[in-house]
Amino acid sequence: MSGLQILLSVMDTDDRHYIDMLNIRRSAVVVDQCAEESDITETVNGNECRFIRTKERWLSRSRNMAMSNAAEDIVILCDNDVRYTDTAAED
């Protein structure tokens with residue numbers, strides 16, 4: 001592990017639009033607080049993204065879950081109201 005990964009907590013969304021909406025161009029872990037439980041990994045925009053759906057609630061728990069499932073040494077805790085530039089990982 002030596003790369004950068006984006007960690008994102010969302011609530012009740014079952015699509016992948018946040019990756020494009022926030023212009024995330026890196027590997028990511030998305031934790032969705034919802035009524036289901038699942039854990040899948042998909043390739044989105046050429047990057048491996050892990051989507052964890054959980055019944056757990058509270059932002060801090062969601063972020064802790066994302067951190068414990070991170071696959072890289074360096075992580076960015078992302079808010080869902082921030083849009084990243086194409087070169088954000090290099091800046």
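This is a predicted model: local features need pLDDT of at least 70, side-chain atom pairs count only at pLDDT 80 or more; totals for chains, interfaces and linings use all residues.

**Starting from strand S1**

Tutor: Let's begin with a pairing: S1 and S2 run parallel to each other and are joined over seven bridges. Two strands count as paired if DSSP finds at least two bridges between them. Strands are DSSP runs of E with at least two residues, helices are runs of H or I with at least four, and both are numbered from the N terminus.

Residues are numbered from 1 along each chain as its sequence is written, and side-chain values use heavy atoms, with hydrogens and water left out.

Back to S1, which covers residues 4–11. S1 also pairs with strand S5 (residues 74–78), again in the parallel sense, this time over five bridges. Leu4 stands opposite Ile74 in S5. So what is the surface of S1 like, mostly covered or mostly open? Mostly covered: seven of its eight residues are buried. Buried means under 20% relative accessible area, exposed means over 50%, and partly exposed is in between (1.4 Å probe, protein chains only).

That leads to the inside. In soluble globular proteins, nonpolar side chains tend to be buried together. Here the largest nonpolar core has 14 residues, and Leu8, Ile19, Ile24 and Cys78 have the most contacts inside it. S1, H1, S2 and strand S4 (47–54) each give two or more residues to this core. S1 provides the largest share, three residues. Apart from this core lies another one of five residues, including Leu7, Val31, Ile52 and Ala66. A nonpolar core is a set of buried Ala, Val, Leu, Ile, Met, Phe, Trp, Tyr and Cys residues joined through side-chain atoms within 4.5 Å.

Setting aside neighbours within four places in sequence, Cys78 is in contact with Ile6, Leu7, Leu8, Ser9, Leu22, Ile24, Arg63 and Tyr84. Contact means heavy atoms within 4.5 Å.

Tyr84 from that list turns up again around Asn23, whose contacts beyond four places in sequence are Arg83, Tyr84, Thr85 and Asp86. Asn23 lies in the loop between H1 and S2. Asn23 counts as buried because its relative accessibility is 4%. A polar contact of 2.8 Å joins the side chains of Asn23 and Arg25; that term means a pair of N or O atoms within 3.5 Å, and within protein one must be able to donate a hydrogen and the other to accept it, with residues adjacent in sequence counting only if both atoms are side-chain atoms.

Arg25 is also in the loop between helix H1 (17–21) and strand S2 (27–33). Arg25 has 37% relative accessibility, so it counts as partly exposed. Beyond four places in sequence, Arg25 is in contact with Asp20, Asn45, Asn47 and Asp86. Arg25 and Gly46 are 21 residues apart in sequence, yet 8.2 Å separates them in space, C-alpha to C-alpha.

Asn45 counts as partly exposed because its relative accessibility is 43%. Its backbone is worth a glance. Most residues other than glycine have a negative phi, and most peptide bonds are trans. Asn45 has a positive phi of about 55° although it is not a glycine. Trp58 also has a positive phi, of about 95°, and is not a glycine either. Trp58 sits in the loop between S4 and helix H2 (59–68). Trp58 counts as exposed because its relative accessibility is 62%.

Finally, zoom out. The protein chain has two helices and five strands, following the pattern β-α-β-β-β-α-β along the sequence. The radius of gyration of the protein chain (taken over C-alpha atoms) is 12 Å, close to the 12 Å that the globule rule (2.2 Å times the number of residues to the power 0.38) gives for 91 residues, so the chain is as compact as a globular protein of that length. Buried residues make up 35% of the 91 residues in the protein chain.
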